[in-house]
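Dear colleague,

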Amino acid sequence: MPAVSKGDGMRGLAVFISDIRNCKSKEAEIKRINKELANIRSKFKGDKALDGYSKKKYVCKLLFIFLLGHDIDFGHMEAVNLLSSNKYTEKQIGYLFISVLVNSNSELIRLINNAIKNDLSSRNPTFMCLALHCIANVGSREMAEAFASEIPRILVAGDTMDSVKQSAALCLLRLYKTSPDLVLMGEWTSRVVHLLNDQHMGVVTAAISLITCLSQKNPDEFKTCVSLAVSRLSRIVSSASTDLQDYTYYFVPAPWLSCKLLRLLQCYPPPEDGAVKGRLVECLETILNKAQEPPKSKKVQHSNAKNAILFEAISLIIHYDSEPNLLVRACNQLGQFLQHRETNLRYLALESMCTLASSEFSHEAVKTHIETVINALKTERDVSVRQRAADLLYAMCDRSNAKQIVAEMLSYLETADYSIREEMVLKVAILAEKYAVDYSWYVDTILNLIRIAGDYVSEEVWYRVIQIVINRDDVQGYAAKTVFEALQAPACHENMVKVGGYILGEFGNLIAGDPRSSPLVQFNLLHSKFHLCSVPTRALLLSAYIKFINLFPETKATIQEVLRCDSQIRNSDVELQQRAVEYLKLSSIASTDVLATVLEEMPPFPERESSILAKLKKKKGPGAVSVPELDDSKREGGELNGGGDRGPDTAGMSASNASTPSPSADLLGIRSAAPIGAAPASAGSLLVDVFSEAGPAAPSAAVNDDGFLSSAPPSEDPAPPLPEADDLLNKFVCKNNGVLFENQLLQIGIKSEYRQNLGRMYLFYGNKTSAQFASFTTTVSCPGELQQPQLNVQTKPVEPLVEGGAQIQQVLNIECITDFSEAPLMNIKFRYGGALQNLTLKLPVTINKFFQPTEMTSHDFFSRWKQLSQPQQEAQKIFKASHGMDTEVLKAKLLGLGSALLDNVDPNPENYVCAGVIQTKGQQVGCLLRLEPNAQAQMYRLTLRSSKDTVSKRLCELLAEQF
Amino acid sequence: MIGGLFIYNHKGEVLISRVYRDDIGRNAVDAFRVNVIHARQQVRSPVTNIARTSFFHVKRSNIWLAAATKQNVNATMVFEFLYKMCDVMAAYFGKISEENVKNNFVLIYELLDEILDFGYPQNSETGALKTFITQQGIKSASKEEQSQITSQVTGQIGWRREGIKYRRNELFLDVLESVNLLMSPQGQVLSAHVSGRVVMKSYLSGMPECKFGMNDKIVIDKQGKGGKEDDGAKSGKQSIAIDDCTFHQCVRLSKFDSERSISFIPPDGDYELMRYRTTKDIILPFRVIPLVREVGRTKLEVKVVIKSNFKSSLLAQKIEVRIPTPLNTSGVQLICMKGKAKYKASENAIVWKIKRMAGMKESQISAEIELMTTNDKKKWARPPISMNFEVPFAPSGLKVRYLKVFEPKLNYSDHDVIKWVRYIGRSGIYETRC
């Protein structure tokens, strides 16, 4: 409500409002409002014209009724009439009504626009301001269309009053935010930028908001604002607190303006001009110096204003990241704040330090505050501050202080707030692995972690510790000892039992020498936990028991007894029951040799997902994979049991198993496929075979494919290509589309087409998780000789954010300059849940993609074949068939290669002959191919002849992998 | 079953809160207040489901009564109980108002303990309740009295105690009916029904056996068949068809089922003997003839004629015709011959009041309504014209044929009882579309 002068007081309005306030019930209020509405209607309808005062009063009442939540469907006309009044109060009420009530599609908009136009062109600054405020408040597209061109003119006109300029700048900002396409700065740009030099601080403050917003969209056009902003800033910073009079806030000169200036500067890189830069550095130094001065006032407003500028300055320093001196000073300043009384300041200091820690200049300086931060983590009362402290510790961690930080975080975990525990656990796990020099320390840490916060340890963490233990011979004994000790605790977490079961199952023999941890003691210890565990853990423990039988034959009887007892062999859970039955049989039927082979120690995990698994997963999940193999086992079962009285049973069991892959992680999973394959076909092999599928593919995939940790050594450099990248590459030699890569987080699909020496490749990145991938980037690099250049790959940038479950597409344009043998590398980086994921793949671009098929007769073929008879032009390879020698499959592969498959050319119909031309930018290389299969020996002879020796060689290498 | 019962004042402040079951938490009280009493849009449904709790509410003047439950209860049972609760409270302390509730809150809790047990409704007969819940202080009842109360409450006739004695045996019987109507502008009846009640007040000594007879079509037809043919045809005209009826618990239903006779031992004092509903052959006391003419966009001419349609010797009272006006009315001029008419802006209606009107008469009002043009394109919905009145006969045609009293033990006969019978017909929702 407007401040009303005495003669202008709207008594009727006051009475009406007090009536409404006094209403006892909603009904009474509605009645009162109906009455008032009828009264206003009769007044507006009445024959004699209303004077401005009554009009204003009734419009006010209508507005009040509207604000109470009732519909108003009349009175707009009267409000518009008020706009043309010359009295300030009447005009103001008119504008108020319109900005609250008029919707954009009203017919009245034309009249309103007219009135606004009149006010804008009037010389009266208050009227102009009212009009500008109305435009900004309504902010509709129609308004923007009508006035977007008018307002910049007012803004930069020389004779406009300062207050109007302020309003105009803010109004323009609002219009720009609602409809940016309509606000075209064009020729006004430089004059708007020069508003930074305006005498009036208010105008500068308003203008800088506008400029910041505009320059975020078109940084280049507003580049000139940097130097102006710097000079403005330096004038404010160097001014005495009394210079700016109205704009001094508790002895701080123009704090809002300073903050906005600093924020504007954060939109740009450091100024290139030395003088400007020097001045800016000077300013920043002054700001830092001022922070050291004793406060001029004890009021909290004074320190707030001062600190606001300081923090803005520090974030500018961090943004520039180029002034070591300033960075260190900023860091020291923040260090002081870390011990400040104000919780908010401590929070802000920790937050800013987090960003500082990532800068190479200030990393060391940040590290000096480690004690304070640790202290903050322990003693802070506010959980959000503790969270920041944990973040900062994580950010400042490196090899030198990892042990200390991890230890502190671990000890804090015991008392940590539940809301941040899970995050803390992940951080500890990441740090422990990243900076582990000594793997026994790593094992200790993770086991401690499980002990302290078992509930918050995700599967990936304990998978990882097992992988590391298995891959590192030197820690195995230590790990076994440690888990054995950890399991002694009367109550231990299930995750601990899992790790314990796995490790003792594998390496229990390493500590069996000690009578205190003799095999039977180990077994009893594990078994004492058995009944308290969930089904997946029990399944894992059962596998550990069978491994015990292998490791310690003396435990065989005890374990068989356990397996034979009803609670195992008749367990209601299919998985447990099956394991019990099978392990029992296995242990009683198989000879020790077989047992030793089957239950051999786990082979070391490859650093990444193994190729077997990758293959398995590409065939759409474990269910699909096991079906053909199942058939084999059925057949085999039938043969071995001569009539198959037990065969169907077993097969049925394994079928049920395959269809319901158990969620447990398995020791005897697919991983041990190699030893099983080598096992002799004895009676036991039936069971062994069953195991090989029974070992659920999905869970063992889970063990190895710990999408969280292993595939992401969290460093910024591109990771070395995956070990299976070559396999992946070979898969795509004869086809253009398919799934290139898949792990728990990400799936990469590929679709490509080639014509002559050009190719286009579509990559589809699918986020398999429900969380977002942040800062998703892909880079294609051409290693080694490819750079010369042999291949030209152009990529289009991808969206940095991939939502959970979403898929994004990237297009690659490929040009073959000359023949090549290496494949380009594709590096993918993204953040998943804060952790950096980094993986490198080989792009399936091979020389044969640029084949053009050539049809020719037998005569032509052999005449050319003879022409290319120089020894270096020919490449030949004799190799064993790794797949079946099915004619159709071979034909399909050869066609997929890209060359023409020529029928009736070779005198021997068994042989395959192909011809084609490889198109590069510079030249064309003709290629002839001959593949001679020998069915008896399961061998192939592959001969390639081309006009270029490197091409023949490379093609020969590529093709030999295919058959 | 009812989980809890709350009484609020018009502001939503809790006056009475009684929770009977654990599944209703303390927050249920607030949930109802926030979602119903203080709701932005007025809640019109009497049943509201909030967070798996059902609230049944009735409003009496400014007081809200709400029953809450988490179970799937019989909704009509709950409402019946709430209405009964209102009756009981009214019988104890008169009008249900905030002040009365506050002044009698101990009594109300006492009543709530008695008439609801673990959410199951118990005896809510005022007469019976008054014997052991009194507003006077604690009167230590003698052993005999206590056992008498116990035997009465648990006995066969829980609604009447023994040993009542009056010098004058009197009986009052009121037939109260409300007639509901919806009529088209052309005078076609779209729907009409009468819901009636037979309310009695008895001051009789001892344990009298009463028998009540009315012109129920089934009874008359049966008698007609048994007796003279021509008589049955004659009385058939005057008999009425009752669609459905419910009785006070004192009525012997077995006898009603077999003989269709209503016999009962009456409670002492006020009670409602029966409720019924009829839909056929209703006498409509008034006919409303509306005439609405729109003159351009800014003017509306309305003429309403009412005709009384009953014996000219009878007088209708408290007649009120309510003519809704459009929402953009800016002025109204009224001319009426009889009674007083006024435009009530707060209710968006013209209210025309006539104190008395004899049968077979007619009267009219004409109004000129000025409208204001608005930018709202919605057309006026033309709500129906409604009417209120009171007539001294039963619009359903119900007649009391006899009411006999037998008291075998005491020496007074049917003739010694003074009986009073009264008929009142009121308007329910009596609307005519225009």
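Rings of Phe, Tyr and Trp (its six-membered ring) pair if their centres lie within 6.5 Å; planes under 30 degrees apart count as stacked, over 60 as edge-to-face and the rest as tilted. This is a predicted model, in which local features need pLDDT of at least 70, side-chain atom pairs count only at pLDDT 80 or more, and totals for chains, interfaces and linings use all residues. Residues are numbered from 1 along each chain as its sequence is written, chains are lettered from A and ligands numbered from 1 in the order in which they are written, and side-chain values use heavy atoms, with hydrogens and water left out.

Ring pairs join A:Phe523, A:Phe530, A:Tyr545, A:Phe548 and A:Phe552 into a cluster. Over all chains, the structure holds 33 aromatic pairs. One of them, A:Phe861 with A:Phe862, is edge-to-face, at 5.2 Å centre to centre and 85 degrees between the planes. Both A:Phe861 and A:Phe862 are buried (under 20% relative accessible area; exposed is over 50%, partly exposed in between, with a 1.4 Å probe and protein chains only). The pair of B:Phe172 and B:Trp420 is stacked, because the ring centres are 6.1 Å apart and the planes at 10 degrees. B:Phe172 is partly exposed at 27%, and B:Trp420 is likewise partly exposed at 45%.

A:Lys91 lies over the face of A:Phe127, 4.3 Å from the ring centre (the criterion is NZ of Lys or CZ of Arg within 6 Å of the ring centre and within 35 degrees of the ring normal). In chain B, B:Lys130 lies over the face of B:Tyr92 at 5.6 Å.

Yours sincerely
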